[in-house]
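This report goes through the salt bridges, the nonpolar core, a helix and the chain symmetry of the structure shown below.

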Number of protein chains: 6
Amino acid sequence: MPYVNIKITKDGASAEKKAELISGVTDLLRDVLGKNPQTTVVVIEEIDTHNWGIGGETVTRRRGQGS
Amino acid sequence: MPYVNIKITKDGASAEKKAELISGVTDLLRDVLGKNPQTTVVVIEEIDTHNWGIGGETVTRRRGQGS
Amino acid sequence: MPYVNIKITKDGASAEKKAELISGVTDLLRDVLGKNPQTTVVVIEEIDTHNWGIGGETVTRRRGQGS
Amino acid sequence: MPYVNIKITKDGASAEKKAELISGVTDLLRDVLGKNPQTTVVVIEEIDTHNWGIGGETVTRRRGQGS
Amino acid sequence: MPYVNIKITKDGASAEKKAELISGVTDLLRDVLGKNPQTTVVVIEEIDTHNWGIGGETVTRRRGQGS
Amino acid sequence: MPYVNIKITKDGASAEKKAELISGVTDLLRDVLGKNPQTTVVVIEEIDTHNWGIGGETVTRRRGQGS
């Protein structure tokens, strides 16, 4: 019955890649902790690089797109 | 002073329905736990079906829109 | 398939009250948005009043327990 | 290594303002709690006023845009 | 730079199992989406079964511990 | 009306330091984005180092307490 929230920067991850991620996380929770896949929920949120900061800077700026 | 975060799949819920949900959750917290409605915050997030997984599959695929 | 996260201050809500809240939120999502109760997940988190702030002050202080 | 999630209503905050907020929160965590800025992550989420409720009403309605 | 939040019921998962989960999720994000493991953050939260609901009932009750 | 969730490792931050953090974040949101302090909510969550991972490892292990 786990709930997993994955936040990533919005970089055009394809529907196939996101499906693979959801499937992989669900399997991992079954294999490591014995969690029931049927009730495992995974929600992916894609965040604009202007809205994500690390080291006090936005990702936009760190990637050199901000200047 | 509760904070409620509701994540649902993006299925075109109308502004009226969302207002009704916000009002209903706020009332419920007052009725069940005696929480002050004035400081109850409710945030609804609507998630693309490609980004929501249950049972190891995306909702897109479960609904048969993914093939 | 909604996921609801409810954060409240830790004030000794009983197991019965929390069960009532979970049941009420699940019914509301079914009644207002037609969501399937079987896959509706509700997680309640109870937060220490030292860790909850509103209006720039902790709830502990607002309640006059902090001085 | 803190993780900070800031939810605000979507009101057209500029990239500059958001960068300033990220930088300010990161500095605050260093100054108050001695947290390492290099591993401090800040994620800003901008929420539609139809999806944000306080006092049992949506922000849209409170601002008188909903009638 | 992903941030992953995993909520599970509090069932005595060992430190070793949790370390394995953190490592597995981090690898998965690298393998599927090419995310940098060095800045991948994973936070596990363990929730009391009285505070977790699915299908309108607490997990406590579903497991027959609540009657 | 912002909502801020701050997750930090559980390292014995004092009530005073947490109050200072809450006050500082609230001021920052007022100064940078003009947000109303009266309806700004800040919730701090303190996470066990066994439950926090970065770079694929738990913080416990990174700090050399895990071996």
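In this predicted model, the side chains of Arg63(B) and Asp11(B) form a salt bridge, at 3.0 Å from N to O. The two residues belong to distant parts of the chain, 52 residues apart: Arg63(B) lies in the segment after α2 (59-62) of chain B, and Asp11(B) in the loop between β1 and α1 of chain B. Arg63(B) has a relative accessibility of 38% and therefore counts as partly exposed. Asp11(B), with a relative accessible area of 42%, is also partly exposed.

A salt bridge in chain D joins Glu46(D) to Lys18(D). Here strand β2 (residues 41-47) of chain D, which holds Glu46(D), is linked to helix α1 (residues 15-33) of chain D, which holds Lys18(D); the pair is 28 residues apart. Glu46(D) is partly exposed because its relative accessibility is 21%, whereas Lys18(D), at 7%, counts as buried.

Over all chains the count of salt bridges comes to 45.

| Salt bridge | N to O distance |
|---|---|
| Arg63(B) and Asp11(B) | 3.0 Å |
| Glu46(D) and Lys18(D) | 2.9 Å |

The largest nonpolar core contains 24 residues, and Ile6(B), Leu21(B), Ile6(C) and Leu21(C) have the most contacts inside it. At least two core residues come from each of β1 (3-9), α1 (15-33) and β2 (41-47) of chain B, and from each of β1 (3-9), α1 (15-33) and β2 (41-47) of chain C. Beyond its neighbours within four places in sequence, Leu21(B) touches Ile6(B) and Ile44(B), as well as Leu28(C), Leu29(C), Val32(C) and Leu33(C).

In chain E, helix α1 (residues 15-33) has 19 residues, so at 1.5 Å a residue it should span 27 Å; its end C-alpha atoms are 27 Å apart, in agreement. Buried residues of α1(E) include Leu21(E), Leu28(E), Leu29(E) and Val32(E). Gly34(E), which follows α1(E), has a positive phi near 70 degrees.

Chain E is superposed on chain A by a rotation of 180 degrees with 0.0 Å of shift along the axis (RMSD 0.0 Å). This is the relation of a two-fold axis. Both copies use the same surface, as 100% of the contact residues of chain E recur in chain A. Within chain E, the C-alpha of Asn5(E) comes closest to the rotation axis, at 2.6 Å.

How values were computed: Residues are numbered from 1 along each chain as its sequence is written. Chains are lettered from A and ligands numbered from 1 in the order in which they are written. This is a predicted model: local features need pLDDT of at least 70, side-chain atom pairs count only at pLDDT 80 or more; totals for chains, interfaces and linings use all residues. Side-chain values use heavy atoms; hydrogens and water are left out. A nonpolar core is a set of buried Ala, Val, Leu, Ile, Met, Phe, Trp, Tyr and Cys residues joined through side-chain atoms within 4.5 Å. Buried means under 20% relative accessible area, exposed over 50%, partly exposed in between (1.4 Å probe, protein chains only). Helices (H or I, at least four residues) and strands (E, at least two) are DSSP runs, numbered from the N terminus. Contact means heavy atoms within 4.5 Å. Copies are superposed by least squares on the C-alpha atoms of residues with pLDDT of at least 70 in both. The expected span of a helix is 1.5 Å times one less than its number of residues. A salt bridge is a side-chain nitrogen of Lys or Arg within 4 Å of a carboxyl oxygen of Asp or Glu.
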